[in-house]
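Biologist: Please take a close look at the aromatic rings here. Which rings pair up, and how are the pairs arranged?

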Amino acid sequence: FGSSTRPSDRRWHVCERSRPPLTPLWEPSSVSPLPVLFHSAMAATFPSKQAIVVGGGLAGMTAANTLLEKGANVVVLDKSSFCGGNSSKATSGINGSETRTQKQKGIKDTNDIFYSDTMSGGAKKPEIAKVLVHESGPAVDWLMDTFALDLSLVARLGGHSAPRTHRGKERFPGMTITYALIQMIEKIQENTGGNMAQIITKARATDLISNNGAVIGVKYERQGAEIKVFGPVILATGGFGADFTANSLLSKYRPDLMHLPTSNGEHCTGDGIKMGEAVGGATIDLEWVQVHPTGLVKIGDEDAKVKFLAAEALRGVGGLLLNAEGDRFANELGRRDYVTGEMWKNKAPFRLVLNSMASKEIHWHCEHYKGRGVMRKFDTGADLAKEMGIPVKKLEDVMEAHYQVSLKQEKDPQGGPYPAYPDGKSWDEPSGKTDCGKKFFHNVLRGDQVATETFHVAIVTPVIHYCMGGLTISAKSEVVNGKDKAIPGLYAAGEVAGGVHGNNRLGGSSLLDCVAFGRVAGRACAEYMLGADVTTTSLVTLAGGMPGQTESKPAASTTAAAPAAVETASGYTLEEVAKHVTKDDCWVVVNGQVLNVTSFLKDHPGGELAILTFAGKDASAEFDMIHPPDVIQKYAADCIIGAIGGAAVASVGAAAAAGGAVAKGEILEGVEGEDMQLGGWCLTLRVLFCSFLKQILGTIFSIKNFNALGDKSGLSRSAFFLVMFMVIHSVGNLHVFGGPNHFNAYGYFYVRLYWTGFGLNANIIEEYLALAGLLHVCVAWKRTAQQAKAIVRSPSRWTLILSGLALLVFSIVHLKQFRLGQADCYWIKPQWMWPFFLRRDGGFPFEKEGFTAVRDIYKLELQVFADPMTCAFYTLSVMLFGIHMWTGWTKLANNKLDVAPNQRWVARLVGQVLTVLVVLFYLSFVVYAGLGLADSSMYDPTIAPVPCSLST
């Protein structure tokens, strides 16, 4: 790292070993490359063409897409179950000056005007503010051109001298923009087989790896394992506005705000800032935490710690803020810190009021907020005044005064008696008295229109919203140390980077910050790695087509793994859905599909409340406002349990075939069905083993089914244990081929553990097995009854139900015959067992003293299987068990194991191989005994000194 040049063929050495270097992952070679994650375990060198992005929000996804554009490879780590972050919840839009949209609409705006607004808004570092502003126009145009996004609407938000906040006609802009960038990375990952892009969720970055002052990689935790991945790092982890713990950055720098609610997701805990500080990164402005004035209050849940945010665009289109007496008290288009400060001086509750003209202009938002129960429509001003507890005349006077001021401002913009914001003069008294006079008016209503006017109204309160402070960065987005020197290999973008906005951020500049500095960081990082070899590549070309469109080359697994089948259920009714309205039992309806989202609540990027608001209801309209149409099939397909009134429900496989979707946002190396190298197999098998072990160690006692049998967690958890036991049991039964000594000693091994059985004539393994089996049957029975209509025409569910019932009958018969049946005695010396087979090192004949009588299950087996009907019954039952295990394992592998979706075929294959082996092991049992292959001469007559019989 001593050289300032960065040749593309450099290798970064992290340790010295006398072993040949591995073939680099990302460079051409005749040797098939190994997945990147294994270089940390096996290599002394690693490639310099790969960058690591920590954080899967808009800043991280922008940086990742930019790296790919510039010819680099990227791994994105996100600690949540899904990517998106706070960016996906942004509601107002993205700022941009001198954009194509502005020019088409004749909006006069320049970078200089935007720069002046940004500095007046609170920014303190001119060199950083200039980057934000001058990157804004190209950033907005890049989003429209590269990702085909609609950003055709432009509004003026608080603190802006011109309309420059861009959004589309549908859905919230944050979700639309962020999701488009995520889709592009996913498509590139699919199209390149994971060789250029990877997204790894549930991966919590813990430390940066450094060498001689340069950052060369990241340590992260996933599924209990610590993994290292190497390359320069771009931090895009967001702020710390949701960390209310005692040792949080929020409690350290702004303890006075700890009592406030927040609009941030629970992932906002300042991880990136802490990691950057640990390697010498400087911080700036950590005390500047923005409190947004318009967090939405839901009636009946006023004390909720996490609140939805009212888009600043609501005030931009003409929404007015009224205090408890119905008076205006501030410039609605002032800075956020200013508006919040004026709210502290006035009496709550505060209402954000939109007349019909403003409501129509932002109709989509109003409908969404009404659906969430945080906005209400009033048919007349009289109704609104009644709800506020004020005379309608008061409301008319306030609106008329506002209307008259707008006329004066239009007629004589510089003649007003009050200072205006951001400059000039204002005629508006309520805001003028605060030295922040209002000078821009939109959708203004006359007083005589109030009585019959319709209004959309929300109660609002200040909420923690944005952290202006973070790691100090340069104009190239490099993280700098205390001496203002860049730390090689470390960059930051988005809310984790401080100093961009100073002590206050303008509305619409959050998404801009993410895209502008995400692009800057991506370009700078690519140049750091590749030097003169930086190229410009089309993302659409890398993706094999625009995401959402059908590619000319389908994914390798489409034909084999995605039959275009459609299941049709007889259907639920809305009355049935309405019974499931709690956090422990939550159903919703989306576009005719019934979803049991109970287990999905904790993973929902928008938080649990966003779903629980619609528990037991049809959420189609509100869902479609925010989400693209393929979201359910991609991220929550396992939640679909049926349909309303017999509506057709496309199978997950069909959806995957149509769109090549990757479920759950967890993307690792390779595309399902493609050839995998040794490293890919090892990683997948390791994750599979750890996931299975986690389920087993979790035990059935940690799930909720002892209280709520309608949930499926107990069904899954008990299935894991039953599978493990059946594998061990079938292998143990192979002792039958060793003769009575081995087989009877194997049986006695369980008897020797009776001391663990809490006084019962059984051991703890058998007791736990009985509980797991009982739970499995009970939950399966309850869910079958609950979902009877959806099951009617579901072949896979019928397979599980019928085979499960047959196995229940077989289990009862089998226990009666072998576990509880009467058997003759067989005499052994227990000390000869290690751990459960007879040792012959003492020779024969044995001394008669010290022998123990055990059940002769070997002889019992020969007697039972001497009956051909019993052999047929046992064979049929084993085959049904195989079908049940095969089908059930497929569901577990698709939904409950933490293997990447594009490698779940490996998990399914492992289960299928285990199923076949278990079936063969059990069938060998009946073949050995039923066909007379057992040799009774294997009995040693000297070992049975006294005849007897035992029942257990």
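Modeller: A search of the whole structure finds 18 aromatic pairs. Rings of Phe, Tyr and Trp (its six-membered ring) pair if their centres lie within 6.5 Å; planes under 30 degrees apart are stacked, over 60 edge-to-face, the rest tilted. This is a predicted model: local features need pLDDT of at least 70, side-chain atom pairs need pLDDT 80 or more, and totals for chains, interfaces and linings use all residues. Residues are numbered from 1 along each chain as its sequence is written, and side-chain values use heavy atoms, with hydrogens and water left out.

Take Phe-329 and Phe-350. Their ring centres are 5.4 Å apart and their planes meet at 55 degrees, so the pair is tilted. Phe-329 lies in the loop between strand E15 (320–322) and helix H11 (336–344), while Phe-350 is in strand E16 (residues 350–355), 21 residues apart. Helices (H or I, at least four residues) and strands (E, at least two) are DSSP runs, numbered from the N terminus. Phe-329 is buried at 4% relative accessibility. Phe-350 is buried too, at 5%. Buried means under 20% relative accessible area, exposed over 50%, partly exposed in between (1.4 Å probe, protein chains only).

Phe-881 and Tyr-922 pair edge-to-face, at 6.4 Å centre to centre and 90 degrees between planes. Phe-881 sits in helix H32 (residues 868–895) and Tyr-922 in helix H33 (residues 904–930), 41 residues apart. Phe-881 is buried at 14% relative accessibility. Tyr-922 is buried at 6%.

One aromatic cluster includes Phe-743, Phe-810, Tyr-858 and Phe-925.
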